[in-house]
Amino acid sequence: MPTWTALTTIPDEAPAQALGLALEALDPAPTAIGVFEIEDGSGLWEVGGFFTEHPDIAALSLLAAAHGAKDFAVSRVEDRDWVAQVQRELSPVEAGRFFVHGAHDADRVPRNAIPLRIEAAMAFGTGHHGTTKGCLLSMERLAIAGLTAKRTADIGCGTGVLAMGAAALWRNLVIATDIDPVAVATARENARANGFSPWIRTGRAAGLRSPLLAQAVPFDLILANILAKPLKRMAPEIAGAIAPGGVAILSGLLTWQAPGVEAVYAGFGFRREHRLTLGEWTTLTLRRW
């Protein structure tokens, strides 16, 4: 099936998110929408839509102009079964006891490992990235140290791999949310396929602004594998949603960005408990006192 992408850039997060929401009203509508910060210090955000029908170029131009974005660049993607290709190329990842794998590697799970099966989809988080792996290792470290997370929030859940990791460790309530509806659907399906549905609730949310999350506060553990700027903006929300003595695992941070994020959270009563660097990426474990 042919696929088209429509991509543009726009300054600042708020107008980028607004443009992403506006894309949903197009006809034909995109099958998936992505809103991402460009990590080059420019302050620009990329907004993209993926279409299985040729998008309405005129409508895209009007949307871009109305939101102050550059005109959309529309491209046809080569016909290819991308999911099947990713499944073939996706090698298992070991992160402590966690073994993240596709269905095609289910027979390779080591004895005594915690298997997390992730199917290829248009959502972030397979365990291969240093940020995801760093979060899994940091969670396992907390469990070994004796943490019992009765309520966990996975903010920006992507495939749901971190939510599943928390459910596997503690068998308690995990709220997994993402602004991307494709990610929410992917996380829900992965939770079901792994048998974690009794503990994981999924929903769409921007940051912590969601009734699903509001009904579950305070959290013992908050996982946020996002980006440095959104994490800084979310500091007061995370501080308000976490229980005294609770822990936040923050990632999506280039190593040079970690001190700045840590400093912002220190202003809201957090102290660093652990810092894990994998390649150019750093994961922070912060406890709120």
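These questions and answers walk through a predicted model, from its sheet to its salt bridges. Residues are numbered from 1 along each chain as its sequence is written, and side-chain values use heavy atoms, with hydrogens and water left out. Local features need pLDDT of at least 70, side-chain atom pairs count only at pLDDT 80 or more, and totals for chains, interfaces and linings use all residues.

Trainee: In β11, which residue is the bridge partner of I155?

Mentor: Strand β8 covers residues 151-155, and β11 covers residues 219-225. The two run parallel, joined by four bridges. The partner of I155 in β11 is A224.

Trainee: Is D178 buried or exposed?

Mentor: Buried means under 20% relative accessible area, exposed over 50%, partly exposed in between (1.4 Å probe, protein chains only). D178 sits in strand β9 (residues 173-178). It touches G156, C157, G158, A183, V184, G203, R204 and A205, not counting residues up to four places away in sequence. D178 is buried.

Trainee: How many Å away from D178 is the nearest side chain of opposite charge?

Mentor: Lys and Arg count as positive, Asp and Glu as negative; His and the chain ends are not counted. A salt bridge is a side-chain nitrogen of Lys or Arg within 4 Å of a carboxyl oxygen of Asp or Glu. D178 has no salt bridge. The nearest side chain of opposite charge is R204, at 7.4 Å.

Trainee: Which backbone nitrogen lies 2.9 Å from a polar atom of the side chain of D178?

Mentor: A polar contact is a pair of N or O atoms within 3.5 Å; within protein, one must be able to donate a hydrogen and the other to accept it, and residues adjacent in sequence count only if both atoms are side-chain atoms. The backbone nitrogen of G158 lies 3.0 Å from a polar atom of the D178 side chain. At 2.9 Å, the nitrogen is that of D180.

Trainee: Which backbone nitrogen does the side chain of N194 reach?

Mentor: N194 is in the loop between α6 (181-193) and β10 (200-204). A polar atom of its side chain lies 2.7 Å from the backbone oxygen of N190. At 2.8 Å, the side chain reaches the backbone nitrogen of R117.

Trainee: How many residues apart in sequence are the parts tied together by E237 and R209?

Mentor: E237 and R209 form a salt bridge, with the closest N and O atoms 3.4 Å apart. E237 lies in helix α9 (residues 235-241), and R209 in the loop between β10 and α7 (211-214). E237 is partly exposed at 25%, while R209 is exposed at 57%. The parts tied together are 28 residues apart.

Trainee: How many salt bridges does the structure hold?

Mentor: One of them joins R192 and E189 at 2.4 Å, N to O. Both lie in helix α6, three residues apart. R141, E273 and R287 are linked in a network. The number of salt bridges is nine.

Trainee: How many residues of helix α5 are buried?

Mentor: The helix spans residues 161-170 and is largely enclosed by the rest of the structure. Its buried residues include V161, M164 and W170. Just after α5, R171 takes a positive phi of about 55°. The buried count is ten of the ten.

Methods:
Pairing = 2+ DSSP bridges. Contact = heavy atoms within 4.5 Å.
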